[in-house]
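Me: I'd like to go through this model with you, a few questions at a time. Let's start with the charged pairs and then move on to other contacts.

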Amino acid sequence: MIPPGETIGILGGGQLGRMLAMAAAQLGYRCHIFAPEADAIAAEVAADFTCADWHDAAALARFAAACAVITYEFENVPTAPLAALDGHKLVPHPRALECAQDRLAEKRFVAALGGLTAPFAAVEDAATLGVALARIGAPGILKTRRDGYDGKGQWRIASPAGARALVLPARPLIYEGFVDFLAEFSVILCRGDDGDIRFWESPQNLHEHGILARSLVPAPAAVLAQRDEGRALARKVAEALDYKGVLTLEFFATTAGPVFNEMAPRVHNSGHWTIEGALTSQFENHIRAICGLPLGDCALAAKGCEMRNLIGDTAANWAEILADPANHLHLYGKAAARPGRKMGHVTRLTLG
Ligand code: AMP
């Protein structure tokens with residue numbers, strides 16, 4: 001057990017790290033952020049900040065020496081330099097990162113555990129894309145295997161002719177058949193140091209342009225009917241990885257059952273509603289798990305809630321948002337608004 005007062009290291013300096021650091025502070029921990037960007041918004045609410053490249057081995061070693069435990073808020077942290085860190089200090093174990101960083105490895109891993117996925121095939125060039133199309137058909141989505149997020153690094157393919165017109169990036173890719181889904185949802189769990197697993201209620205997630213726009217709890221009946229099957233798979237994933245902390249699996253609810261899309265070995269945007277909407281937030285339980293503390297209750301604290309992301313420039317509406325007392329506003333302190341950039345979120349609770 002890591003007692004309050006110790007320092008928790010966080011790899012990554014974005015809003016997830018910021019909200020983790022705020023939850024850690026509530027429990028009396030100090031946080032030390034490691035991130036390559038000088039304007040890391042997590043560092044504004046943390047005790048210490050190392051601004052260095054992921055491959056700066058000396059800076060990573062100094063950072064590790066200063067922390068009792070290290071976690072990550074960013075799943076594209078390069079894993080090779082992490083091998084030099086004290087393995088016991090990095091929680092969740094980097095095997096979860098390795099699996100989740102590669103869409104192909106992730107889908108194979110989950111399929112081997114019995115999970116349903118969209119039909120998929122590895123693509124390297126026009127010839128292998130042709131083979132994938134012949135087997136899977138169109139429509140489908142071509143995605144970079146690594147480093148894609150929020151719909152970046154994705155190309156929708158409506159027909160084989162459309163695929164031939166594409167200039168393929170020189171990177172490993174995956175082609176997935178298009179899933180005709182009823183709804184999208186996520187399973188968010190926390191696994192404690194002792195193997196105790198707790199689930200939050202599954203939100204329905206609504207995406208716009210590949211970016212999460214809203215999460216709704218409780219989800220509609222089509223999702224609730226598939227939630228437990230999604231949970232059973234998520235439990236298997238967590239146990240197979242001997243995972244500690246918050247783990248998120250994203251699913252499509254379909255007429256054939258829940259189809260796994262991707263996983264995130266970290267706290268997740270679709271769990272932001274848990275700050276006000278659950279008895280214990282995803283951020284607090286992640287901190288509890290990595291420090292070896294007992295987990296808090298994940299039950300709903302309201303009849304329902306809706307989390308809405310503030311994307312691009314909309315954060316300027318803060319006064320209007322706060323004029324409604326049911327709204328809880330979270331602004332991340334990002335200086336420059338850009339199209340598609342997550343500037344904050346609003347959670348609205350339905351009580352009684
Ligand atoms: P991803 O980055 O894989 O989470 O994709 C972002 C969003 O694109 C998803 O949340 C879906 O809305 C959509 N999407 C991704 N893959 C597929 C698929 N195989 N079939 C249908 N929609 C998809």
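Me: How many salt bridges does a search of the whole structure find?
Reply: This is a predicted model, so local features need pLDDT of at least 70 and side-chain atom pairs count only at pLDDT 80 or more, while totals for chains, interfaces and linings use all residues. Residues are numbered from 1 along each chain as its sequence is written, and side-chain values use heavy atoms, with hydrogens and water left out. Count a salt bridge as a side-chain nitrogen of Lys or Arg within 4 Å of a carboxyl oxygen of Asp or Glu. With that rule, the whole-structure search gives 17.

Me: Is Arg 103 buried or exposed?
Reply: The cut-offs are under 20% relative accessible area for buried, over 50% for exposed, and partly exposed in between (1.4 Å probe, protein chains only). Arg 103 comes in at 6%, so the label is buried.

Me: Which residue meets Glu 201 in a salt bridge?
Reply: The N to O distance in this pair is 3.0 Å. Glu 201 lies in the loop between β11 (197-199) and β12 (204-208), with the partner 26 residues apart in helix α7 (residues 221-240). Both ends are buried. The partner is Arg 227.

Me: What is the N to O distance between Asp 324 and Arg 348?
Reply: Asp 324 is in the loop between α10 (318-322) and β17 (327-331), and Arg 348 is in strand β18 (residues 342-350). Asp 324 is partly exposed at 26%, and Arg 348 is partly exposed at 37%. Their side chains meet in a salt bridge, with an N to O distance of 2.3 Å.

Me: Over to the domains. How far apart are the centres of domain 1 and domain 3?
Reply: The domain bounds come from an automatic or database domain assignment. It gives domain 1 (7-90), domain 2 (119-177) and domain 3 (183-350). Taken over C-alpha atoms, the centres of domain 1 and domain 3 are separated by 22 Å.

Me: What area do domain 1 and domain 3 bury between them?
Reply: On the contact side (heavy atoms within 4.5 Å), 19 residues of domain 1 meet 21 residues of domain 3. Buried area here is the accessible area (1.4 Å probe) that two parts lose on being put together, summed over both. Carbon and sulfur atoms carry 69% of it, and the total is about 1800 Å².

Me: Which element gives the largest share of the side of domain 1 that touches domain 3?
Reply: Between these two domains there is 1 salt bridge, in which the closest N and O atoms of Arg 266 and Glu 75 are 2.6 Å apart. The elements that give two or more residues to this side of domain 1 are α1 (15-26) and β4 (69-72). The largest share, 8 residues, comes from α1.

Me: The side chain of Arg 18 has a polar atom 3.2 Å from which residue's backbone oxygen?
Reply: Arg 18 is in helix α1 and is buried, at 13% relative accessibility. Leaving out residues up to four places away in sequence, it touches several others, including Ile 41, Glu 44 and Leu 331. The backbone oxygen in question belongs to Tyr 332.

Me: Which backbone oxygen does the side chain of Tyr 243 reach at 2.6 Å?
Reply: Tyr 243 is found in the loop between α7 and β14 (245-254), and at 2% relative accessibility it counts as buried. A polar contact is a pair of N or O atoms within 3.5 Å; within protein, one must be able to donate a hydrogen and the other to accept it, and residues adjacent in sequence count only if both atoms are side-chain atoms. The Tyr 243 side chain reaches the backbone oxygen of Pro 265 at 3.1 Å. At 2.6 Å, the backbone oxygen is that of Val 246.

Me: Last one: how many disulfides does a search of the whole structure find?
Reply: A disulfide needs a pair of cysteine sulfur atoms within 2.5 Å. The sulfur of Cys 298 is 6.8 Å from the closest cysteine sulfur, in Cys 190, which is too far for a bond. For Cys 99 the closest cysteine sulfur is also in Cys 190, but at 18 Å, again too far for a bond. The whole-structure count is 0.

Definitions and conventions:
Helix = DSSP H or I, 4+ residues; strand = E, 2+ residues; numbered from the N terminus.
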